[in-house]
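Here is a short briefing for a first look at a protein model. Please keep the sequence and the 3D view open as you read.

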Amino acid sequence: MRSDYMDIRKALLTKLHNSSPDELKEIINGGIASKEETILPGLGVLFEEYYNSLNSMQQDAMIHAISSLLK
């Protein structure tokens, strides 16, 4: 089952490669607006890529911001 997730990750990143900020915004907003749970894995892949691109201080700031949202 883990290999299926890797295939989804690779497919998503390949599809979105070189997307403009406007295109990404449209894709993300459209996915959120659809309220379909099938979009969650894709958003998770984008979150993972972004989180992994941050340094540890930025990661901590993001975690604190998310934690505040959950209170």
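Predicted model: local features only at pLDDT ≥ 70, side-chain atom pairs only at ≥ 80, totals over all residues.

Residues are numbered from 1 along each chain as its sequence is written, and side-chain values use heavy atoms, with hydrogens and water left out.

**Overall build**

- The protein chain has 4 helices and 0 strands. Helices (H or I, at least four residues) and strands (E, at least two) are DSSP runs, numbered from the N terminus.
- The order of elements from the N terminus is α-α-α-α.
- The C-alpha trace spans about 30 × 30 × 25 Å along its principal axes.
- The chain has 71 residues, and 13% of them count as buried. Buried means under 20% relative accessible area, exposed means over 50%, and partly exposed lies in between (1.4 Å probe, protein chains only).
- The accessible surface of the chain is about 6000 Å², and 60% of this belongs to carbon and sulfur atoms. Such areas come from the Shrake-Rupley method with a 1.4 Å probe; for residues, only the protein chains shown count as cover.

**The largest pocket**

- The largest pocket holds about 200 Å³ of space. A pocket is an open set of points on a 1 Å grid over the protein atoms alone, where a 1.4 Å probe fits, with protein on both sides within 12 Å along at least five of seven lines; lining residues have an atom within 4 Å of a point. Grid points are joined across faces, edges and corners, and the volume is the space filled by probe spheres set on the points.
- H1, helix H2 (21-34) and H3 each supply at least two lining residues. H1 gives the most, with 5 residues.
- The lining divides into 9 nonpolar, 2 polar and 1 charged residues. Here Ala, Val, Leu, Ile, Met, Phe, Trp, Tyr, Cys and Pro count as nonpolar, Asp, Glu, Lys and Arg as charged, and the others, Gly among them, as polar.
- Among the lining residues are Ile8, Leu12, Lys15, Ile27, Thr38, Gly42 and Leu46.
- Leucine 12 lies in helix H1. Leucine 12 counts as buried because its relative accessible area is 19%.

**The salt bridge**

- The whole structure has 1 salt bridge. The term means a side-chain nitrogen of Lys or Arg within 4 Å of a carboxyl oxygen of Asp or Glu.
- Glutamate 48 pairs with arginine 9, and their closest N and O atoms are 2.8 Å apart. The pair links distant parts of the chain, 39 residues apart: glutamate 48 is in helix H3 (residues 40-53) and arginine 9 is in helix H1 (residues 2-16).
- Side chains of opposite charge can pair when their charged atoms come close.
- Arginine 9 is buried, at 10% relative accessible area. Glutamate 48 is partly exposed, at 27%.

**A nonpolar surface patch**

- Phe47, Ile66, Leu69 and Leu70 make a nonpolar surface patch of about 430 Å². Patches use residues with over 30% relative accessible area and no salt bridge; like charges are joined within 9 Å, and nonpolar side chains (Val, Leu, Ile, Met, Phe, Trp, Tyr) within 5 Å.
- Leucine 70 sits in the segment after helix H4 (56-69). Its relative accessibility is 69%, so leucine 70 counts as exposed.

**Two loop residues with positive phi**

- Most residues other than glycine have a negative phi.
- Asparagine 18 has a positive phi, near 65°. Asparagine 18 is in the loop between H1 and H2, and is exposed at 70% relative accessible area.
- Lysine 35 has a positive phi, near 60°. Lysine 35 is in the loop between H2 and H3, and is exposed at 71% relative accessibility.

**Distances across the chain**

- Leucine 12 and proline 41 are 29 residues apart along the chain, with C-alpha atoms separated by 9.6 Å.
- Leucine 13 and glycine 42 are 29 residues apart along the chain, with C-alpha atoms separated by 9.1 Å.
- Proline 21 and serine 68 are 47 residues apart in sequence and 27 Å apart in space, C-alpha to C-alpha. Proline 21 lies in helix H2 and is exposed, at 66% relative accessible area.
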